[in-house]
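Hi,

Here is the structure I promised you. Have a look at it first, and then read on for what turned up.

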Amino acid sequence: VGDFIKVAVSDGFLWSEWTTLDMTTSVNTPATLDLINNSQLELNEWTTLSSVFQINDIDGDTVQGIRFEHSDNGTFAKDSTGNILAASTTHEFSSLNDILIGGHSNYAENTIRVQLYDGFEWNNWQEFDLTSGTNVAPEITAIVELDSATIRENTERALSEYISYYDDPND
């Protein structure tokens with residue numbers, strides 16, 4: 001945005017000519033958080049947000065505040081001192097190194113939300129989906145061929161008498 005100011009100075013006796021100074025003010029661009037690593041977390045391992053994300057601010061402003069939320073009801077996130085971060089609560093930090101996220105013991109999906117403050121304004125909340133482990137579809141096996149099974153009318157039978165399934169890693 002372009003503006004100008006007019007300035008004159010005095011030595012106590014005489015005034016200078018008026019001088020016009022062109023002033024250019026810039027509009028702040030909020031910082032953003034970019035995924036630098038894939039969104040796959042290792043099982044049973046903790047990592048800081050700084051190893052998964054990178055802060056970018058095209059104005060060169062230093063990020064002074066971070067708001068963090070997550071959706072997991074377990075022990076998915078903690079601060080750098082080991083305190084578990086409650087789900088669905090906004091937590092405030094000054095560095096991505098202060099926030100740790102952990103891979104579960106088996107496959108899981110978690111959503112995190114992060115907001116950054118660059119000293120001028122908070123950016124819009126950014127949402128990321130992270131996963132732990134790899135999900136494998138369960139397998140189903142017929143114990144008895146259903147077309148050869150006879151079930152009498154008005155009789156209840158458990159489906160487990162006819163099929164079995166296997167799910168690895170039991171999720």
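Let's start in the sheet: Phe-68 stands opposite Val-114 in β11. Before going further, please keep in mind that this is a predicted model, where local features need pLDDT of at least 70 and side-chain atom pairs count only at pLDDT 80 or more, while totals for chains, interfaces and linings use all residues. Residues are numbered from 1 along each chain as its sequence is written, and side-chain values use heavy atoms, with hydrogens and water left out.

A word on the labels: helices (H or I, at least four residues) and strands (E, at least two) are DSSP runs, numbered from the N terminus. Two strands are called paired if DSSP finds at least two bridges between them.

**The sheet**

There is an open sheet of 5 strands with mixed pairing, and the order is β4-β12-β11-β7-β9. The edges are β4 (40–41) and β9 (91–93); each has a single partner strand, so one side of each has no neighbour in the sheet.

Gln-40 has Thr-131 in β12 as its bridge partner. Then β11 (residues 108–117) and β7 (residues 65–70) run antiparallel, joined by 6 bridges.

**The core**

Which residues touch the most other members of the largest nonpolar core? They are Leu-49, Phe-53, Ile-66, Phe-68, Ile-101 and Ile-112, out of 21 residues in that core. β7, β10 (99–102), β11 and β12 each give two or more residues to it, and β11 gives the most, with 3 residues. By nonpolar core I mean a set of buried Ala, Val, Leu, Ile, Met, Phe, Trp, Tyr and Cys residues joined through side-chain atoms within 4.5 Å. Buried is under 20% relative accessible area, exposed is over 50%, and partly exposed is in between (1.4 Å probe, protein chains only).

Not counting residues up to four places away in sequence, Leu-49 touches Phe-68, Leu-96, Ile-99, Ile-101 and Ile-112. Contact here means heavy atoms within 4.5 Å.

**Thr-141**

One more spot: Thr-141 sits in strand β13 (residues 139–142), and at 45% relative accessibility it counts as partly exposed. Leaving aside neighbours within four places in sequence, Thr-141 contacts Tyr-162, Ile-163 and Ser-164. Thr-141 and Tyr-162 are 21 residues apart along the chain, with 8.6 Å between their C-alpha atoms.

Cheers
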